[in-house]
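Reader: I am new to this structure and would like to know what lies behind the words used for it. Please show it to me.

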Amino acid sequence: MAKVLIAETSYLVRKGLVSLLEQTDGVTELKAAGHPDTIMQTLKEFSPDIILLNSAIQMPVSHDKLLSLLHDKARFIYIINTPLPQDSPANHISVFDTKNKLTEKLSLHLKQYESTEEKEETEELTPREKLILKHVALGYTNKEIATKLFISTHTVISHRKNITRKLDIKTVSGLTVYSLINGIIKMEDIQ
Amino acid sequence: MHISPNTKMSDLVQSDFELLAVLQRLKIPFGFKEKSIQTICREEGIDLNFFLNLARWYHERDFFPGETLMNHPVKWLVKYLRSTHSCYIEYHIPRIEEEIIRMESLDRSGGHNMQLMLKFFREYISEFTAHIQLEEEKIFPYILSLEENFEKETPAPEFLKTARGYTIKDFLDEHSDIEEKLVDLRNILLKYLAPPSDNCLFTNVLIEIFRLGNDLNDHTILEENVLIPQVIKMEKDFHNKFPR
Ligand SMILES: [Fe+2]
Ligand SMILES: [Fe+2]
């Protein structure tokens, strides 16, 4: 199941996509935004799994920066304002596409996303991630954890991203509460 | 429904009761009788377009309120945001806290989970209060004096000094995310805790946390995408009008 963000300036296209996606399986939550600022804001807060972005929108940050705001599994689909050539990439849709074409492409993406996700869902935190989580919950910084576990800060950060994605908990105090509830750390540890 | 000046206020609320929050924050009293939006706004001294823009945004959720809302005096928006703050501090937050306290007292599981939730929420309250205090005591007064002094022939000397050493952009950079922790609390309750004995209470706490979260989201959008851009523009105009 995927959270979808439609980033499209044209009111008509946006509304059209909303109504199409509302009828499509696999969409849990749907948001739409038209203004680059609102798009940025929604990207950060909503953390979508699939983003339908009109390729003509001038975003205030680079594409790489956009990617870094999202989780690893998130993917982009580009809305193109012209008809598509024969051999266009699978993640391009055009405002000229027929309903069937659009439904076909969007369902495909949603299915693909679901299959990557389902594997994840049965997957709990790995022992490594649990170890990192334990240290985070005990109040260590990324740098301290890196030194303690002989890994790079970068690795710690990427583990933390995965932990947050799997648990749906972002803040350190939230992670601490989770760890206490699940016995990863004990009350005495933090007093 | 399309919201127009002639729409009856009571029809508006009946079609979308979430708009009651907007009315409350604009301090519009009940007892609408058959009065239209236009009439009530006139009676209450609220600019009609300001009301329509806010109400349409909350109701339709489709357009970015920035461009339209930015054309009004900044003090109206500040007033609105302030009244939203007191709504959080005086009502929503204490209410959720009380409910968590009740949940804790009903918890017979023998564990400490509800106690943890309470501790977590109280931590949140202090962060939340600090966030709002900063806005109420520093940011909003700055914005109001900026607007006031901009309209003067010559700005007050102390304010001129402040204005030359400060920009609202500094605030934007450190404007913290007051929703994050609340979302965590919600997810922990939803995903990792078995409800204590009173299910109805548990569900209600969740509903209230969801509501507050959505409301805070709107609040942040008004602050970051309307208020601050408007102030940035006003700062520019101010420095053009009163160059060094
Ligand atoms: Fe605020
Ligand atoms: Fe704020």
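Author: What follows sets values for this structure against the definitions behind the terms. This is a predicted model, in which local features need pLDDT of at least 70, side-chain atom pairs count only at pLDDT 80 or more, and totals for chains, interfaces and linings use all residues. Residues are numbered from 1 along each chain as its sequence is written, chains are lettered from A and ligands numbered from 1 in the order in which they are written, and side-chain values use heavy atoms, with hydrogens and water left out.

Reader: What makes a residue a protein donor of the iron ion (ligand 1), and which residues are they?

Author: A donor is an N, O or S atom within 2.8 Å of the metal (3.2 Å for Na, K and Ca); water is not among the atoms, so a site may look incomplete. In sequence the donor residues follow the spacing H-x49-E-x83-H-x3-E. E135(B) also bridges to the iron ion (ligand 2), and the two ions lie 3.2 Å apart.

Reader: Why is the site of the iron ion (ligand 1) called irregular?

Author: Four donors are tetrahedral if all angles lie between 85 and 135 degrees; four are square planar and six octahedral if opposite donors are over 155 degrees apart and all others between 65 and 115; anything else is irregular. The angles among the four donor atoms here run from 84 to 166°, and the site is irregular.

Reader: Where do H219(B) and E223(B) lie, and why are H219(B) and E223(B) called buried or exposed?

Author: Both lie in helix α11 (residues 199-241) of chain B, four residues apart, about one turn of the helix. Helices are DSSP runs (H or I, at least four residues), as strands are (E, at least two), numbered from the N terminus. Buried means under 20% relative accessible area, exposed over 50%, and partly exposed in between (1.4 Å probe, protein chains only). H219(B) has 4% relative accessibility and therefore counts as buried; E223(B), at 2%, is buried too.

Reader: What makes α2(A) and α11(B) oblique to each other?

Author: Two packed helices are described by the angle between their axes and the distance between the axes. Axes are lines fitted to C-alpha atoms, for helices over the stretch in contact, and angles run from 0 to 180 degrees between N-to-C directions. Helix α2 (residues 36-46) of chain A packs on α11(B) at about 140°, with the axes 12 Å apart. Under 35 degrees is roughly parallel, over 145 roughly antiparallel, 65 to 115 roughly perpendicular, and the rest oblique. An angle of about 140° belongs to the rest, so the pair is oblique.

Reader: Which residues of α2(A) and α11(B) meet?

Author: D37(A), Q41(A) and E45(A) in α2(A) meet residues of α11(B), including N217(B) and T220(B). Contact means heavy atoms within 4.5 Å.

Reader: How do you know whether D168(A) and K33(B) are buried or exposed?

Author: D168(A), in the loop between α7 (153-167) and α8 (172-181) of chain A, has 37% relative accessibility and so is partly exposed. K33(B), in the loop between α2 (20-25) and α3 (37-44) of chain B, is at 65% and therefore exposed. Phi is positive in each residue: near 65° in D168(A) and near 50° in K33(B).
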